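Trainee: I would like to go through how some labels are assigned here, setting each value against its cut-off.

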Amino acid sequence: MTGKTAPPAKKTAPAAAKKKAVPAPKEEAAPKEEAAPKKEAAPKEEAAPKEEAAPAPVTKEPPAPEHPLEQSPAPTDESAPVPTEAGSEVAPVPAEGSPAVPAEPPAPEPEPEKPKEEPPSCPLSLAVEEVSESSFTLTWKAPEQTGRAGLDGYVVEICKDGSSDWKAVNQEPFLSTRYTIPNLSSGDKIHVRVVAVSASGASVPATLEQPVLIREILQLPKIRMPRHLRETYIRRVGDAVNIMIPFQGKPQPEVSWTKGGQPLDTNRINIRNTARDTIFYIRQAQRSDSGKYELTVQINGAEDKATLDIQVVEPPGPPQNLKLVDVWGFNVALEWTPPVDNGNSEIKGYRVQKSDKKSGKWFTVLERCTRTSCTISDLIIGNTYSFRVFSENICGLSDSAAVASGVASIEKTKTTYQPEKIPQRDMMEPPKFTQPLTDRTTTRGYSTHLFCSVRGFPQPKIIWLKNQMEIREDPKYIALIDQGVCSLEIRKPGPFDGGVYTCKAVNPLGEASVDCRLDVKVPK
C-alpha cells in the first residue's frame, strides 16, 4: 500500500505550488483535493488517510505563516518536508482541521498566596434560660478560638419549625453571651443557632438540638423571706432601712405593701418593685416607723403573704425617783423607779455609781443591776458619798443619770468618855485592809486602776508588788494613797503587764497585804 502511494506524492508538489499562487479559503481546500484525484490514479486518495494517521506533535510545529489561508490543506509529515518537482522544498503544513498555534509568551511565576486566618470556632454551651409567652432568653459561652483580631460579636438566627428560612434577629453583631428574642407568637416552635463573627469570617453555628416552644410557664407566687428578716429587724433612730425581699411567680405578680391594713406613707417609705424582688427603703428611720408591715404577692387570685417586723430604737431616759432609803455602818440602801421612756426597747439593767466628796470622782459600783433597788457596802468611814443611776437598753446607757437628792455620810461610832471607868485607849493599830483588791481585766493600751482601802496607826507605808517583785520608780506606774484609799494606775498596759499585783501595808506594829490578778486582753 505504501509502495503505491509514493509516486503520487511527487505529482502533488506542483499542485501545492499552484495553491500558493492562488489564495483560497481553508474550507475550500477539500474540494480541490477531490479534483486532483480525478486526474491522478486512484491510489492517491488512499495516501491521504495514511498521512493523517501520524500528525506531528504541537510543540514541534513551526510558527504559522502570516497568511494561513494560502497553506495547502493536505496533511504532510512535518519532520520530512516534501520536495517539489522543481527540486525546492515546501514548508511543513499542519494537519487538516488543526488551527495554527501562535507562539505564547512565557507565563509569569505566580506569587505565593498569604495564608488566610481561620475563622473563630463554634460558640459553646448554647442553652435556653427562660421562656415566656412572647419571648425566650438564650445563654452561651465564648468559643475556644477567636483568632488574632478577636471577635466582632455574635449573630443570632431563628427559623420556624418546618421551614428552612433562617433569619438574623440582630442587625449588628454584639459581644454579650446572653440574648432575649422578643416579639414571638405563643405556640410557635423556633429553631435557634448562634454564629460567632470576626474579621476572618463566621464560625460554624451552634444550634439547639430541639426547637423552643413559645408558651407561658405558670408559677405560683412565693415570697423568699431572708432568714435575718424572719425575726424583728432592729435599727437605731436616724439609720437607713434598706431591705430587699426576693419572690417568684409567673407571669409577673402584683406586689403590695400595707401597715395595719393601710397603704404606706410614700413620703417616708419608698418601694421599688422588679420582676423578681421588692425593695423597702427609709432614708432616716424614726420610732414611728416601727411596726409590722405586710407584703402581698398576687397572681390571678393566688397570693402569698409575709410580715416584716421593724423596731426603731434609741437610748432610754434616766431612772425616776432615786432616793436614799437608809444609811447604817458602812452601808447605803438605794431605790428608784424605771424610766418613763425606755427608748422603744426593753430595759436590760441599771448602772449604779458612787462619788466621795473629797475626790469628786465617779466609780461604778454595780453594772446591769436588774432590780430597782440595791445595797452598797464597804463604804469608808468619814467620807460623804453621792450616788447616781443610769438605765440601759439595747442601744446602751441613757444620756443622763438620775442623781440622789441626799448624801450619805459615813460617821464613826459615837463613844462616851468616862475617864474613871475606861482607861485611856491605845490608838496604836497594825495595818488592816478594809477593802481588798479585786481581779480586773483590761484591754491593751487602755490605762487601768487598782483600788483598795487600808487603815492602821501610825499610817502604814504602802508598797506595791508585781509577781512578788517590788514596783519602784517606774513611770508606767503611779501609786497614790488618799485617806486610806490606795490606788495604782497602770498606764497603757501591754500583755506583759498582766500578772498578780500585791499591795502591802507596813507600820511598826505589823504588816498586811492583799493581791489580785490583772489580765490584759489583746483586741483581734
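Mentor: Start with disulfides: the structure holds zero. The model is predicted, so local features need pLDDT of at least 70 and side-chain atom pairs count only at pLDDT 80 or more, while totals for chains, interfaces and linings use all residues. Residues are numbered from 1 along each chain as its sequence is written, and side-chain values use heavy atoms, with hydrogens and water left out.

Trainee: Why is Cys-452 in no disulfide?

Mentor: A disulfide is a pair of cysteine sulfur atoms within 2.5 Å.

Trainee: What makes Cys-369 buried?

Mentor: Buried means under 20% relative accessible area, exposed over 50%, and partly exposed in between (1.4 Å probe, protein chains only). Cys-369 has 9%, and Cys-452 has 1%, so both count as buried.

Trainee: Why is the aromatic pair of Phe-174 and Tyr-179 called stacked?

Mentor: Rings of Phe, Tyr and Trp (its six-membered ring) pair if their centres lie within 6.5 Å; planes under 30 degrees apart count as stacked, over 60 as edge-to-face and the rest as tilted. Here the centres are 4.9 Å apart with 20° between the planes, so the pair is stacked. Phe-174 is also buried, at 16% relative accessibility.
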